[in-house]
Each structure stands twice: as C-alpha cells, then as structure tokens.
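Biologist: I am new to this one. Please show it to me, and then we can read it feature by feature.

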Amino acid sequence: MTTATTPRMTRSLPAEHRGTLMTLAREASVPQGTRLFDEGGRADRFWIVRTGTVALDVRVPGRRPAVIETLGFGDLVGCSWLFPPHVWHMGAEAVTPVRAWEFDARAVRDLCRSDPRLGEAVGRWVGLVLAHRLHAARTRLLDLYAPYGIGIPG
C-alpha cells in the first residue's frame, strides 16, 4: 500500500539536516515476523527502512489487527516518538527480513531542541508522514469495515 506520495526523509529534509540526523543512525536487522512495536508501548525509537517491508497495523476489537499500510525502502517506521506522551498509536511488524537505520528517539529530540532549524524540518517531515498515515488508515478501515459506498466523498 505504499504510494509515491509517502513523505520520505530524502525528499523532505534538506541535505544538511539529513546528514546531521544520520550521525545518530545505527544499522539494525529485524527478522521476518518480529514486532517492532505494539499500540500503547513506549515510543523510544524509530526506523528508516533500507530493505524489506514492514506492516503498520491497528487493533480492531474482536478481530485480527488491520494492516493499514505496508512500508518499504526509504519509509519512516514510527511517528509517535516525536510527540508526548511518546506512546505508539499503531503497531508494526516485519513482513520480510528488514534492514533499517534505527534512531534513538531521545537523542533525536535532544538534537532537534539544540538545532531549531533541524527541529522544524524534522517536525514538518514527521507531520507530513502522519497526515499520509491518517489518510491511509481512514481509507483502509473504510475498505475493510464500512458498508459499500459509505466512505466515498460526495
């Protein structure tokens, strides 16, 4: 479900800010089937996918979690780390083996506070990702659970 409109760091952050942010990156490998995080858990890190795919999902009472979006190369996994109370609002699972850049959320937040231009750019990027994810979640949930035609704008 990833689309070309997914706001990626490479398109959303100026080169100097990308370089600064990448000083905090560490390589991570995530085996297929591993939960990166669950709704309600502490949002203390985030990832940028290098290879593989990650499914974002939401809990649906009485049903299996609904996959909202599948993320791949260049996509941001995790947005809740930026905003208090730093608790995940969705879950994420590695659909395939994943290689990613992993970031410590506290270190990135501290860096953003110390460099307001970087902080503004990161906030704008994550905000764009959140807007995209909200639209994807609405669309997917309407596809899964709404009566036919109810989600079509008039």
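**Reading the core and the sheet**

Modeller: Start with the largest nonpolar core: it has 41 residues, and Leu36, Phe37, Val77, Trp81, Val122, Trp125 and Val126 touch the most other members. Such a core is a set of buried Ala, Val, Leu, Ile, Met, Phe, Trp, Tyr and Cys residues joined through side-chain atoms within 4.5 Å. Buried means under 20% relative accessible area, with a 1.4 Å probe and protein chains only. Helix H4 (residues 116–145) gives the most to this core, 8 residues.

This is a predicted model: local features need pLDDT of at least 70, side-chain atom pairs count only at pLDDT 80 or more, and totals for chains, interfaces and linings use all residues. Residues are numbered from 1 along each chain as its sequence is written, and side-chain values use heavy atoms, leaving out hydrogens and water.

Biologist: How many helices and strands are in the secondary structure?

Modeller: Helices (H or I, at least four residues) and strands (E, at least two) are DSSP runs, numbered from the N terminus. Here there are 4 helices and 8 strands.

Biologist: What is the order of the strands in the open sheet?

Modeller: Strands of a sheet pair through backbone hydrogen bonds, either parallel or antiparallel. Two strands pair if DSSP finds at least two bridges between them. This sheet of 4 strands runs S1-S8-S3-S6, with antiparallel pairing. Strands S1 (26–30) and S6 (76–77) are the edges, each pairing on one side only.

Biologist: How many bridges join S3 to S8?

Modeller: Strand S3 (residues 45–51) and strand S8 (residues 98–104) share 6 bridges. Arginine 45 has aspartate 104 in S8 as its bridge partner.

How values were computed
Buried means under 20% relative accessible area, exposed over 50%, partly exposed in between (1.4 Å probe, protein chains only).
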